[in-house]
Amino acid sequence: MAVGQTPAKVNLAEKLALFSDHWAPRIAGRYNGNEIRLVKASGDFRWHSHPETDELFLVIEGTLHMEFRDRTEVLGPGEMIIVPAGTEHFPRVPEGEVKLLLIDPADTPNTGDPATAFKPLNI
């Protein structure tokens with residue numbers, strides 16, 4: 001947020017209602033070089049890692065399975081996980097849809113690879 005800019009609340013439910021595609025993050029806000037991304041997810045994403053940065057996943061609604069090479073963590077509403085930099089992970093939603101809030105440094109590719117990433121859009 002720029003100096004002197006007036007803070008304004010963001011309604012996550014309203015922002016999530018603006019799109020329907022899965023695994024395509026939308027930027028709901030920015031702060032200190034980070035992006036607050038909203039994502040709707042269903043089915044499988046892909047194995048990937050982010051060599052330079054940690055990644056925070058916060059479940060708003062639904063159930064997310066976060067697979068690692070040695071285990072799976074199952075997250076429900078109000079639960080979060082921080083995936084350390086360089087850690088391979090595989091987000092999946094075996095049933096239904098999940099609504100997520102992610103925090104990433106600005107311009108971090110969601111696949112870990114700029115060539116295959118979905119460029120987040122502002123909402």
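1. Start with Arg37, which sits in strand S2, residues 34-44. The model is a predicted one. Arg37 is buried, at a relative accessible area of 1%; the cut-off for buried is under 20%. Its side chain has polar partners. One is the side chain of Glu35, in a polar contact of 2.7 Å. Another is the side chain of Asp104, at 3.3 Å.

2. Now take the whole strand. Eight of the eleven residues of S2 are buried, so the strand is largely enclosed by the rest of the structure.

3. Which strands pair with S2? Strand S1 (residues 26-31) runs antiparallel to S2, and five bridges join the two. Here Ile27 has Arg37 as its bridge partner. The S1-S2 hairpin has two residues between its strands, and Asn32 takes a positive phi near 45 degrees there. S7 also pairs with S2, in the antiparallel sense, over ten bridges. Asn34 has Pro105 of S7 as its bridge partner.

4. Next, the largest nonpolar core. It has 16 residues, and Phe57, Leu64, Met66 and Leu100 touch the most other members. At least two residues come from each of S2, strand S3 (55-61), strand S4 (64-67), strand S6 (80-83) and strand S7 (90-105). S7 gives the largest share, four residues.

5. Look closely at Leu64. Setting aside neighbours within four places in sequence, Leu64 is in contact with residues including Phe57, Val59, Val74, Leu75, Val93, Val98 and Leu100. Glu73, Pro91 and Arg92 are also among its contacts.

6. Another core lies apart from the largest one. This other core has six residues, among them Leu16, Phe19, Ala28 and Ile36.

Methods
Residues are numbered from 1 along each chain as its sequence is written. This is a predicted model: local features need pLDDT of at least 70, side-chain atom pairs count only at pLDDT 80 or more; totals for chains, interfaces and linings use all residues. Side-chain values use heavy atoms; hydrogens and water are left out. Buried means under 20% relative accessible area, exposed over 50%, partly exposed in between (1.4 Å probe, protein chains only). A polar contact is a pair of N or O atoms within 3.5 Å; within protein, one must be able to donate a hydrogen and the other to accept it, and residues adjacent in sequence count only if both atoms are side-chain atoms. A nonpolar core is a set of buried Ala, Val, Leu, Ile, Met, Phe, Trp, Tyr and Cys residues joined through side-chain atoms within 4.5 Å. Contact means heavy atoms within 4.5 Å. Two strands pair if DSSP finds at least two bridges between them.
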